[in-house]
Amino acid sequence: MFDLRSFLRMAEPQEPPKPIAKFKAGRMTLKNGNVSADPQKGELEVSKNMNNEIIFKWVKRGTKGETSPVTITLKNGPATWKKVEKVNDGRVYVLEHGESPKFYWLQAADDAKDKEYENKISKALEDLPVNKAPKPETNTNTTTTTTTNNSSPEISQDQINAILNSVMANTKSNASVDLDKVLKTSTIVNILRRHKEAAMEALATHLPQGDNEPTFDELLQNVESPQFRRIVHIFNKALRSGGLGALLNEMGVSNTNNVEKLFEELEKKYGDRMQDDEE
């Protein structure tokens with residue numbers, strides 16, 4: 001049986017984990033098909049928050065909080081962190097996610113930890129929930145680059161085109177249904193009114209208990225309350241993160257982070273009960 005109290009305990013805030021990686025890096029700007037390096041000294045911090053989202057936060061070094069960080073939040077994959085090969089006098093990495101790849105040039109003089117950071121970031125990105133879709137490989141090994149006078153790396157047009165083509169292919173089939181939009185209050189109320197008896201039979205025990213038996217009006221009041229909307233929002237975020245395996249198994253459905261698949265399984269399991277109530 002679905003236990004609302006257990007679910008709310010799962011949704012309680014947790015301490016944010018330590019950063020996955022933190023290193024000196026500068027940003028590179030992609031504009032009109034050209035990539036240019038920003039010579040500012042910066043630091044890139046990659047971390048995972050309590051919602052299992054991957055955060056890329058770039059800050060300018062030496063400003064003591066005077067400038068705002070540039071933050072990228074990744075909720076879903078696919079996403080990759082790859083080294084751009086054959087860059088003269090510099091080390092460049094590209095974050096591929098969505099339609100606009102982000103380029104960074106590493107500013108530490110020693111490259112001893114580059115591979116360690118690459119492996120840690122790649123592993124974290126692989127753990128992001130992702131809708132199943134073909135993932136083409138990006139060829140970053142076939143072209144060379146030139147450098148500018150200030151030793152900031154510059155990427156060739158062929159490399160830019162190859163990366164952009166790969167990113168566009170990765171994003172074609174990544175649309176996802178939002179549970180917050182599907183389970184609108186008006187939609188739920190209409191469903192409950194159509195299946196009044198079945199709804200009361202299934203949900204009455206989850207309503208606040210008093211001296212008298214819960215009524216259908218009390219059920220509607222709970223569904224229309226701000227607290228219920230927050231529960232839907234929390235459930236949506238937890239579902240999309242792929243972290244509801246135990247709870248979904250308790251409900252009798254397989255673990256998934258796909259809303260459409262979840263509804264299909266719920267319909268198979270409970271659809272007959274609703275049809276019987278309509279008859």
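This is a predicted model: local features need pLDDT of at least 70, side-chain atom pairs count only at pLDDT 80 or more; totals for chains, interfaces and linings use all residues.
Figure 1. If we take the contacts between residues at least 6 apart in sequence, 58% of them join residues at least 24 apart.

**Figure 2. Helix H7 has a buried face.** Here we look at Phe-216, Leu-219, Leu-220 and Val-223, the buried residues of H7. Viewed down the helix axis, these buried residues fall within an arc of 95°, so they line one face of H7. Their packing partners are helix H5 (185-194), helix H6 (196-203) and helix H8 (226-240). Turn to the other side of H7 and you find Asp-217 and Gln-221, which are exposed.

Figure 3. Val-189 is 32 residues away from Gln-221 in sequence, and their C-alpha atoms are 9.7 Å apart in space.

**Figure 4. A cluster of aromatic rings.** Ring pairs connect Phe-23, Phe-56, Trp-81, Tyr-93, Tyr-104 and Tyr-117 into a cluster. The count of aromatic pairs in the model is five. One of them joins Phe-23 and Trp-81, with ring centres 6.3 Å apart and planes at 55°, so this pair is tilted. Phe-23 sits in strand E1 (residues 21-31) and Trp-81 in strand E6 (residues 80-84), so to speak bridging distant parts of the chain, 58 residues apart. Phe-23 is buried, with a relative accessible area of 7%, and Trp-81 is buried too, at 3%.

**Figure 5. Trp-81 and Tyr-104.** Trp-81 also pairs with Tyr-104: the ring centres are 5.9 Å apart and the planes meet at 40°, so the pair is tilted. This pair links distant parts of the chain as well, with Trp-81 in strand E6 and Tyr-104 in strand E8 (residues 102-106), 23 residues apart. Both Trp-81 and Tyr-104 are buried.

Figure 6. Glu-118 belongs to helix H2 (residues 114-126). At 14% relative accessibility, Glu-118 counts as buried. Leaving aside residues up to four places away in sequence, Glu-118 touches Trp-81 and Tyr-93.

Conventions
Residues are numbered from 1 along each chain as its sequence is written. Side-chain values use heavy atoms; hydrogens and water are left out. Contact means heavy atoms within 4.5 Å. Helices (H or I, at least four residues) and strands (E, at least two) are DSSP runs, numbered from the N terminus. Buried means under 20% relative accessible area, exposed over 50%, partly exposed in between (1.4 Å probe, protein chains only). The arc is that of the directions from the helix axis to the C-beta atoms. Rings of Phe, Tyr and Trp (its six-membered ring) pair if their centres lie within 6.5 Å; planes under 30 degrees apart count as stacked, over 60 as edge-to-face and the rest as tilted.
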